[in-house]
Amino acid sequence: MKRTDLLKRTADLAIEFLDGLPERRVGPVIPIDELRASLGGPLPKRGEDPREVIEHLVRAADPGLVAMAGPRYFGFVIGGHVPASLAADWLTSAWDQNATLYVSSPANSVVEEVAAGWLLEVLDLPRTASVGFTTGCMMANFTGLAAGRHAVLARLGWDVEARGLYGAPEIDVVIGDEAHATILAALQMLGLGRERVKRVSTDRQGRMELESLREILAGCRGPLIVCAQAGNVNTGSFDPLEEIGAQVRERGGWLHVDGAFGLWAAASPGLAPLVRGAGTADSWATDGHKWLNVPYDSGIVIVNDPESHRAAMTIAAAYLVQTGGRERDPFDYVPEFSRRARGFTVYAALRSLGREGIRDLVERCCALAKRFEERLRGEPGVEVLNDVVLNQVLVRFTPPGGGDADAFTREVVGRVQADGTCWLSGTTWHGMAAMRISVSNWSTTEADVDLSATAILRALTPWPPLPAPPFPPSPREGERGTVLPSL
Ligand SMILES: Cc1ncc(COP(=O)(O)O)c(C=O)c1O
């Protein structure tokens with residue numbers, strides 16, 4: 001089959017999948033053994049026809065796919081993909097640019113430069129900060145903390161990139177009790193240790209308590225890195241960034257903010273107070289693949305000290321054709337060498353949404369989270385555990401007639417997943433089992449929330465639940481979402 005025909009056929013198959021997303025059962029429908037059987041087998045001795053390969057892949061993978069890009073996926077914190085960004089992702093593969101150096105792809109380098117400027121504007125962060133495009137927020141956390149590690153040790157004359165941490169002044173690392181697991185993973189990879197951190201206590205919503213921070217900082221003697229959070233993965237709550245920033249500055253420390261999704265509150269004037277003071281930090285980590293609705297993978301690191309950022313990441317080798325600094329060498333800002341040209345998808349998402357579209361997307365997801373809260377709160381046996389300040393809702397269920405609420409909550413989560421109307425996951429919040437609902441997809445409508453809330457409430461009745469009603473008819477073009485009315 002000719003390449004053109006193969007790619008057109010593949011585009012048709014992808015579009016068929018996308019068009020089916022709103023009606024599709026959200027969870028997978030096939031057990032692992034069947035998936036292994038249909039996808040596995042010996043590596044063929046002779047290559048197969050590409051069309052057959054693709055058609056087999058689509059047929060065999062389909063029952064194991066999750067409708068994660070669809071409007072009723074509320075698990076973890078997972079965005080979909082706005083159309084321009086998905087289209088740019090297809091082009092990224094077709095162009096196959098290695099986003100290492102300026103010389104390896106001037107177009108990618110300039111697109112990253114432009115997208116970086118737009119991101120700083122939307123997130124209202126210092127316009128002189130440097131930006132790197134990572135795989136996700138975990139590697140953005142890693143990069144921001146690596147820049148911080150460099151800066152606090154360089155101030156004491158220690159070159160950590162050259163000498164490592166052997167014999168280095170000991171860094172005090174302070175995190176909130178509710179820091180995301182990927183902060184700990186980043187610290188572990190940076191040799192700063194997962195367990196030797198000092199932990200600040202947090203309140204009922206998961207926010208750092210300032211008095212606890214003050215006490216801990218008073219006991220810190222060495223170079224200092226503090227990790228704060230904008231958007232708790234369970235409750236959506238924000239650490240008091242302004243006050244934390246003041247305390248860290250007083251101690252001459254480095255403040256890193258993990259804002260995987262929460263930093264996007266800055267795009268909405270009504271929500272921006274939640275991130276007040278964020279701009280005074282030294283580094284920030286966020287994602288494109290969560291709230292900006294860029295396809296995987298897309299993380300973003302921002303550092304208000306470009307020299308430390310570069311020093312922590314850059315690589316030198318005789319054969320590399322590095323610029324003298326006038327043009328952007330993308331590998332100066334990420335912990336990778338050869339990599340996908342991730343700037344194109346971010347650029348396309350930002351450009352197709354515009355400032356108003358991003359604000360609308362963020363505000364609409366928050367309004368839909370509130371709608372979930374309204375549909376669920378007050379129903380018998382349902383308790384909303386968090387203040388719904390952003391796009392996250394935490395719910396707990398008590399069995400009719402009383403009993404083990406933890407076991408029942410887990411059972412309800414399992415029943416909702418099995419029902420297929422929507423998909424969401426469970427968590428443990430302050431010792432209690434809970435259901436997490438995260439509204440992060442550009443295409444989710446009020447009808448999707450209502451249908452999903454009904455499915456959740458239906459799951460409170462004994463298993464097996466009633467069959468799911470038909471999903472809403474597929475919207476005609478232009479009806480789903482208000483973000484991109486022309487699509
Ligand atoms: C607060 C926070 N930080 C970091 C991450 C990790 O992000 P990623 O999965 O993009 O690496 C998440 C993911 O949900 C998160 O919520």
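**Notebook: aromatic rings and a cavity**

I began with the rings and found that ring pairs link Tyr73, Phe76 and Trp423 into a cluster. Rings of Phe, Tyr and Trp (its six-membered ring) pair if their centres lie within 6.5 Å; planes under 30 degrees apart count as stacked, over 60 as edge-to-face and the rest as tilted.

I note that this is a predicted model, in which local features need pLDDT of at least 70, side-chain atom pairs count only at pLDDT 80 or more, and totals for chains, interfaces and linings use all residues. Residues are numbered from 1 along each chain as its sequence is written, and side-chain values use heavy atoms, with hydrogens and water left out.

**Ring pairs**

I searched the whole structure and got 6 aromatic pairs. One of them is Phe74 with Phe372, edge-to-face at 5.0 Å centre to centre and 85° between the planes. This pair links distant parts of the chain, 298 residues apart: Phe74 is in the loop between helix H3 (50–61) and helix H4 (83–95), and Phe372 is in helix H12 (residues 343–376). Helices (H or I, at least four residues) and strands (E, at least two) are DSSP runs, numbered from the N terminus. I looked up burial too, and both Phe74 and Phe372 are buried. Buried means under 20% relative accessible area, exposed over 50%, partly exposed in between (1.4 Å probe, protein chains only).

I then took Phe331 and Phe337, a tilted pair at 5.7 Å centre to centre with 40° between the planes. Phe331 counts as buried because its relative accessibility is 0%. Phe337 has a relative accessible area of 29%, so it is partly exposed.

**Phe344**

I found Phe344 in helix H12. With a relative accessible area of 8%, Phe344 is buried. Leaving out residues up to four places away in sequence, Phe344 touches Ala88, Thr92, Trp95, Gln97, Ala107, Asn108 and Val111; contact means heavy atoms within 4.5 Å.

**Cavity**

I looked for cavities of 30 Å³ or more and got 1. On a 1 Å grid over the protein atoms alone, a cavity is a set of points where a 1.4 Å probe fits but cannot get out; lining residues have an atom within 4 Å of a point. The largest cavity has a volume of about 70 Å³, a volume being the space filled by probe spheres set on the points. Of the 13 residues that line the largest cavity, Glu178, Ala179, Ala228, Gln229 and Asp239 are the closest to its centre. Strand E4 (residues 224–229) gives the most to this lining, with 3 residues.

Methods. On a 1 Å grid over the protein atoms alone, a cavity is a set of points where a 1.4 Å probe fits but cannot get out, and a pocket is an open set with protein on both sides within 12 Å along at least five of seven lines; lining residues have an atom within 4 Å of a point.
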